[in-house]
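Subject: Structure handover

Hello,

Here is the structure we spoke about. My notes on it follow below.

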Amino acid sequence: MKKLRKICVVTGTRADYGLLTPLLHEIKKDKDLELQLVVTGMHLSPEFGSTYKEIEKEFKIDRKIEILLSSDSSVGVSKAMGLANISFSETFQESKPDILVVLGDRFEIFSAVSTAMILRIPIAHLSGGELTEGAIDDRIRHSITKMSHLHFVATQEYKNRVIQLGENPNRVYNYGEAGLDNIINLKLLSKGNFEKSIKIF
């Protein structure tokens with residue numbers, strides 16, 4: 001029996017999940033791949049709507065990793081990152097993915113990536129090379145870039161920036177903005193149905 005390649009995808013918020021959804025569907029339907037979906041961060045918080053329940057309507061969640069503490073202070077976030085590192089190390093050691101796929105620049109993604117790096121799990125990073133003025137996001141995002149092996153960026157400018165960070169140009173791919181897949185796949189109403197939906201006759 002052919003061994004499936006295990007693709008682990010980590011999502012921590014509605015924002016990254018929405019962008020990752022088309023990719024998750026493609027992995028799920030590929031007969032040569034096994035999707036390992038790890039859900040963490042805000043998805044598991046009742047305060048933010050327990051959005052993991054929406055994910056479960058589309059996908060099987062392989063692991064839920066609770067990391068959010070009651071405080072969102074700098075110390076609270078640092079403690080959450082420490083907890084995330086412990087939990088991700090246990091998860092990856094058990095599931096043994098062939099590659100980790102992540103998007104963006106949040107602290108829980110940083111924890112997942114730093115753990116995978118130590119465990120010598122290859123990492124594919126989406127949305128690297130971008131800039132967020134006046135925020136800590138840039139340092140987290142660029143750190144994730146430096147720990148990753150494959151880079152899928154949204155524009156040529158971002159590709160150039162990832163290469164300037166010292167990454168191998170042969171491993172940096174300008175595949176466009178991930179969110180465009182949602183627009184391309186969006187089922188639009190016909191003109192008639194749209195007029196009916198807004199009650200214009």
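Helices and strands are DSSP runs, a helix having at least four residues and a strand at least two, and they are numbered from the N terminus. The model is a predicted one.

On those terms, Asn-170 sits in the loop that runs between α6 (156-164) and β7 (172-174). Asn-170 has a relative accessible area of 61%, so this residue is exposed, the cut-off for exposed being over 50%.

Next, the aromatic rings. Two rings pair if their centres lie within 6.5 Å, and five aromatic pairs come out by this rule. In one of them, the ring centres of Tyr-17 and Phe-59 are 6.4 Å apart and the planes stand at 85°, so the pair is edge-to-face. This pair links distant parts of the chain, 42 residues apart: Tyr-17 belongs to helix α1 (residues 14-29), while Phe-59 lies in the loop between α2 (52-55) and β3 (63-65). Tyr-17 is buried at a relative accessible area of 10%, and Phe-59 is buried at 5%.

Tyr-173 and Tyr-175 also form an edge-to-face pair, with 5.9 Å from centre to centre and 80° between the planes. Tyr-173 is partly exposed, at 31% relative accessibility, whereas Tyr-175 is exposed, at 64%. Ring pairs join these two tyrosines and Phe-152 into a cluster.

Regards

Methods:
Residues numbered from 1 in each chain as written. Predicted model: local features only at pLDDT ≥ 70, side-chain atom pairs only at ≥ 80, totals over all residues. Heavy atoms only, no water. Buried < 20%, exposed > 50% of the residue type's maximum accessible area, 1.4 Å probe, protein only. Phe/Tyr/Trp six-rings, centres within 6.5 Å; stacked < 30°, edge-to-face > 60°.
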